[in-house]
Amino acid sequence: MNVLVILIPVSLILGGLGLVAFLWTVRSDQYDDDQGNAARILLDDD
Amino acid sequence: MTAACAACSVAPLAEETAKGRAQQFALPGIHCAACIGKIERGLASLPGAGTVRVNLSLKRLSVSGPAPASRILTALSDLGYEAYPLDTEAMARAHDSEGRTLLTRLAVAGFAMMNVMLLSVAVWSGAADATRDLFHLISAMITLPVIAYSGQPFYQNAWKALRVRRLNMDVPISLAILLAAGMSLFETLMSGKHAYFDAALSLTFFLLIGRYLDHRTRSHARSAAKELTALEVPTAQRVEGESLRSVRIDAIALDDELQVLSGGRMPVDGVLLSDTALLDRSLLTGESAAQTIACGDRVQAGEINLGAPLRLRATAVGEDTSLRRMAALVETAENARNSYTTLADRAAQTYAPAVHLLALIAFLGWFFYDGDVRHAINVAIAVLIITCPCALGLAVPAVSTAAISRLFSAGVLVKHATALERLAEVDHVVFDKTGTLTQPSVVVPAGVSAKQRDIALSLAQHSAHPLSKAVVTALKGATPVFLTDLTEHPGHGIAAVSAGVPVKLGRGAWLDADFDGLGLRIGTAPALPFEVPDALRPGVTEALAGLDLPAEVLTGDAPAPAKLLADRLGLPVRAQARPEDKLARLDALKAEGRHVLMVGDGLNDTAALAAAHASIAPASALDASRNAADVVIMTDGLESLPLILRIARATRDLSKQNFSIATIYNIIAVPAALAGYATPLAAALAMSISSITVLLNSARMRSVK
């Protein structure tokens, strides 16, 4: 059971990283144009 | 500031670039990646254009840099796209910080729910004693701060309702979240077996999804309304000497002389220079009757000119106008629920008291049965958690979000939050004729002299009536002459004086001629008839074929063309209906118990659009009508009309199905909870399964054809 002492913090930190990444995407306006971003990947240039 | 020189028109734009604000345009016609590429590449080469960015979800274009708006518009129309400039001020205020906060709360709740769920799974699969207590303790440390942060929207709404001694959906939600967390903390400290931390968090998470979707729907309706406002007055007509010049609203200076067309809004506050004017001041005063004012009276930005074109001198511009000061109040009015009770409200009204009663019964029942307070409280809280409306909170928002984005991609703006529910109840359709079902086209007879053409064009230029616009199109190339004493007689025509001779453009009867249609009369010479063949608006035949409701046409037109249309469309037509007649007809239909959908575009329809159960206006409609309508069709044709009604009905049906699903789940789960069998595992399963079923059911909106 001692492994829990390592594994629980690890899982929390990994989850926290995901949360921070998500908050960053919200702050940098990445949800303002979901359809446009989906379509842009089909553009040849830029 | 006088802007007679070319350099001055650059100044405000340069100022704007310095502030870093981009110009915005509405692009109703874009739909795919190819459009984005074409526009962004096409404009990149435009001199003065900085960053060019197309937003496909909002169908908007923003261009930074000093390139003039007119140049961008020309470039866009060369590329084959229709575009409208948007008022940057109005769009800047549209920025949505509330949605962002909700999304952050949602993300935090989701993160916490997943972590606590991992720990709970360990407990459910058999962790015992010290390990279980440790897991519960870690769960508590994650849960408590998160529900304090993420649950705030629910607590605030619940408190608002409780303060005025009322119950809403948020009261049982807040109680369930707080009690579940509190009780679980107590159980954790007492080394108890069951903790509901995961239930408290998944409640918060699922309900925040519903809240976020609901917010998106509302802010969509708001931004649709805002986009239309922004469309309306991006420019004003400034009088410079004897000519008119289009200038941006933010370039108007104090004491500028401006002209406002019939049906247009006052761009700024000012003093009337014309002799008299007829105004609709309802936006600012709520007074719906038109008011006549005289020279020297004050006019306020946002008031609608119902009469002839008028002139005014600006006395307050920019942020000082009464319209801008009213903007915040108008927004609140838009948000406020009107008298219409939505499906979700009706569900909440029966639901909230029932849940509290059930929990109380559970508590009292168990307390008197075995006298164990702790157990009785546990069961009561389990009842609150189990009945808690995860699925109910998602039932309506999930469906209406899908419906509104579906309609938006078909070029339809839903302006009002309850519009879809009201549209679903419609059982009778009333159409306006001119401008809605038909588009006027004017044929100028061959014998008309150049001077007559010039006068007809000048008269028509001063009116926003669709026929006048058609005259302007037909007379392209003529040179306008200077007119004085312009008066518009709504329903009749427009009169003025040109070089001392009275000139009139309007109905035959009003011109004392022996024909019914449009004509031009100069001085005492006999009136010249203009041929006005009614062209059906594109898509009308398809729209009527797809319509499964009784429909009729009310028109201010003469009986003969009305009869022609009636034969062509096979609909009953009432001719020569004045605005009061239209209103009276709507009232009569309402008295018969019918829910009327009004489709109209003109000044004479505005009252009817506002009075009908639901209303639709085409984008070509007058400003006043677009404001009064619930839904605006942004495309040229009317063919999306049956689709709007089908989607509205599908929205209602799917919402009701969702409520049924939630109820069925409650019927199964509540007895189990009352009997004391609702373990944290059962609660988590039931909550997730019902929410997912409801979301999946809402996705069926995609298949509505």
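Hello everyone, and thanks for coming. First, some housekeeping. Residues are numbered from 1 along each chain as its sequence is written, while chains are lettered from A and ligands numbered from 1 in the order in which they are written. As the model is predicted, local features need pLDDT of at least 70 and side-chain atom pairs count only at pLDDT 80 or more, whereas totals for chains, interfaces and linings use all residues.

Let's begin with the two chains. Chain A has 2 helices and 0 strands, and chain B has 24 helices and 27 strands.

How much of each chain is buried? In chain B, buried residues make up 47% of the 705 residues; in chain A, 2% of the 46 residues count as buried. Buried here means that 20 or more other C-beta atoms lie within 10 Å of the residue's own; 12 or fewer makes it exposed, anything in between is partly exposed, and the C-beta atoms are placed from the backbone.

Now, contacts. Two residues are in contact if their C-beta atoms, placed from the backbone, lie within 7 Å. Within chain B, take the contacts between residues at least 6 apart in sequence: 67% of these join residues at least 24 apart.

And where do the chains touch? The contact takes 19 residues from chain A and 20 residues from chain B. On the chain A side, helix 1 (3-27) and helix 2 (34-40) each give two or more residues, and helix 1 of chain A provides the largest share, 9 residues. That side of chain A divides into 10 nonpolar, 5 polar and 4 charged residues. For those classes, Ala, Val, Leu, Ile, Met, Phe, Trp, Tyr, Cys and Pro count as nonpolar, Asp, Glu, Lys and Arg as charged, and the others, Gly among them, as polar.

Next, please look at the sheets of chain B. Strands pair if DSSP finds at least two bridges between them. One open sheet of chain B has 7 strands in the order 14-27-26-25-15-23-24, with mixed pairing. Strand 14 (412-414) and strand 24 (573-574) of chain B stand at its edges with a single partner strand each, so one side of each is left without a neighbour in the sheet. Further in, strand 15 (residues 428-432) and strand 23 (residues 551-554) of chain B run parallel, joined by 4 bridges; there, B:Val429 has B:Ala551 as its bridge partner.

A second open sheet of chain B has 5 strands, ordered 17-18-19-20-21, with antiparallel pairing. Its edge strands are strand 17 (484-489) and strand 21 (528-529) of chain B, each pairing on one side only. Helix 16 (residues 450-461) of chain B packs on this sheet, touching strand 18, strand 19 (501-507), strand 20 (518-522) and strand 21, and its direction makes about 65 degrees with that of strand 19 of chain B.

Strand 2 (residues 52-55) and strand 3 (residues 60-63) of chain B run antiparallel, with 4 bridges, and B:Asn55 is partnered by B:Arg60. Between the strands are 4 residues, and B:Lys59 takes a positive phi near 50 degrees. In a regular strand, side chains alternate between the two faces of the sheet. Strand 2 of chain B has a covered face, B:Val52 and B:Val54, and an uncovered one, B:Arg53 and B:Asn55.

Finally, two single residues. B:Ala26, in strand 1 (residues 23-26) of chain B, is buried because 21 other C-beta atoms lie within 10 Å. B:Ala26 and B:Leu61 are 35 residues apart along the chain, yet their C-alpha atoms are separated by 6.4 Å. Is B:Asp129 buried or exposed? B:Asp129 lies in helix 6 (residues 129-150) of chain B, and it counts as exposed, with 8 C-beta neighbours inside 10 Å. From B:Asp129 to B:Lys193, C-alpha to C-alpha, the separation is 8.9 Å in space and 64 residues in sequence.

Methods
Axes fitted to C-alpha atoms, helices over the stretch in contact; angles between N-to-C directions.
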